[in-house]
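Reader: I'm new to reading protein models. Could you walk me through one?

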2 protein chains.
Amino acid sequence: MQAVETKVETKKDRSPRNGVDTPTLFATLDALKGQPELAKFQFRVSNRWVRGTNSRSRMESFTGAGGEHAHKRVFEYDADHHAVLVGTDEGPTPVEFLLHGLAACITAGIANIAAARGVTLTEVTSRIEGDIDLRGILGLSKDVRNGYQKIRATFDIKGDAPAEKLREIVEQSRARSAVFDVLTNGVPVEVAVNAA
Amino acid sequence: MQAVETKVETKKDRSPRNGVDTPTLFATLDALKGQPELAKFQFRVSNRWVRGTNSRSRMESFTGAGGEHAHKRVFEYDADHHAVLVGTDEGPTPVEFLLHGLAACITAGIANIAAARGVTLTEVTSRIEGDIDLRGILGLSKDVRNGYQKIRATFDIKGDAPAEKLREIVEQSRARSAVFDVLTNGVPVEVAVNAA
């Protein structure tokens with residue numbers, strides 16, 4: 001009985017789940033183990049100022065897995081300041097996109113990790129809040145930083161596993177999240193300017 | 001002659017420019033100087049997992065300037081992994097949104113600062129690149145971080161001021177950018193989980 005259960009479990013574990021193509025995910029991991037240079041990626045965004053605090057970014061392509069890849073369509077996003085901040089609200093404020101990146105990164109990891117662990121998810125929602133004191137960016141206080149002072153993320157997860165196992169999946173995703181790492185640990189940013 | 005020029009300059013400096021309502025911007029600064037509690041903002045995003053690595057975020061409202069404010073419409077954005085990363089590319093990867101936030105934040109600041117300094121801009125474009133080694137998030141190497149290892153931003157700026165003044169505007173915007181601060185210095189992120 002134990003052997004049968006183990007066999008069933010193993011088969012279950014490797015099948016696609018949560019919309020994740022688990023066999024291909026494991027095959028990709030194996031390929032990268034053998035050729036670590038394939039794991040070097042470069043993502044990029046080009047941005048054009050529109051008017052006032054409104055600008056628009058394009059994400060078209062990136063480099064990785066040894067080559068250049070196009071997104072299946074060009075993604076374009078506006079950002080702006082709200083009227084309260086003397087903008088025209090043509091898009092969210094730039095800092096809101098950081099919260100979107102955090103939610104999406106941890107959520108993608110949750111789906112992948114759950115699939116790899118044979119857990120079927122039924123719902124994952126999250127709410128991310130960032131506290132910021134605008135006296136920093138407005139230059140009204142030297143004691144106030146420019147960016148968020150604190151970010152809080154709350155995940156609600158439902159699936160066919162005990163609560164403890166679901167919590168471990170979220171924790172593993174957080175521990176392996178690229179966006180969580182960047183936001184909590186920071187990254188060197190080099191800024192160059194061509195002026196004419 | 002000097003006095004006249006100064007007068008013209010002063011008048012010019014305070015007029016709206018670059019699509020920035022400069023008088024209102026200065027009035028807002030004055031209001032915040034007098035009531036610093038108005039500068040406390042909370043931005044938020046809610047996210048729902050869709051399928052696989054695809055999730056969708058909503059930005060609807062935020063708190064600040066002593067009250068609750070709605071965006072003029074609900075903004076919704078998908079994020080996903082590309083097929084190369086075993087996703088379905090329904091949106092950019094989460095880490096690409098960090099680059100969008102950086103470009104948009106510095107660009108909004110450039111427009112505001114140029115307006116405050118009486119400089120009319122004709123074009124601001126930027127290109128942001130982020131290098132990442134996916135062995136980190138995939139757990140294939142303990143020596144590789146999860147997030148970007150380096151971000152490079154290049155701004156091209158044109159306007160009715162000498163190149164040096166235009167460069168100073170970009171530099172001042174970088175120095176006061178909320179997103180630049182968060183990305184380079186990091187921020188505490190608290191993650192809570194409700195599992196069922």
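**Reading the model**

Author: Let's start with one residue: Val86(A) is buried, with a relative accessible area of 12%. Here buried means under 20% relative accessible area, exposed over 50%, and partly exposed in between, using a 1.4 Å probe and protein chains only. Before going on: this is a predicted model, where local features need pLDDT of at least 70, side-chain atom pairs count only at pLDDT 80 or more, and totals for chains, interfaces and linings use all residues. Residues are numbered from 1 along each chain as its sequence is written, chains are lettered from A and ligands numbered from 1 in the order in which they are written, and side-chain values use heavy atoms, leaving out hydrogens and water.

Reader: Where is Val86(A) found?

Author: Look in the loop between β3 and α3 (94-116) of chain A. Helices (H or I, at least four residues) and strands (E, at least two) are DSSP runs, numbered from the N terminus. Val86(A) also has a positive phi, about 65°, although it is not a glycine.

Reader: What about Ala65(A): which loop does it lie in?

Author: That one sits between β2 (54-64) and β3 (67-79) of chain A. Ala65(A) has a positive phi too, of about 55°, and is not a glycine. With a relative accessible area of 35%, Ala65(A) is partly exposed.

Reader: How many helices and strands does chain A have?

Author: Five helices and six strands. Along the sequence they run α-α-β-β-β-α-β-β-α-α-β. Chain A is more spread out than a compact globule, because its radius of gyration is 21 Å, well over the 16 Å that the globule rule gives for 196 residues. That radius is taken over C-alpha atoms, and the rule is 2.2 Å times the number of residues to the power 0.38.

Reader: Which residues does Val189(B) touch?

Author: Contact means heavy atoms within 4.5 Å. Not counting residues up to four places away in sequence, Val189(B) touches Leu102(A), Ile151(A), Phe180(A), Leu183(A) and Thr184(A). Val189(B) belongs to strand β6 (residues 189-195) of chain B, and is buried, with a relative accessible area of 14%.

Reader: Where does pLDDT stay under 50 in chain A?

Author: pLDDT is the predictor's confidence in each residue, from 0 to 100. It stays under 50 over residues 1-11 of chain A, for which the model has zero contacts beyond four places in sequence. Chain A averages a pLDDT of 93, and 93% of the residues score at least 70.
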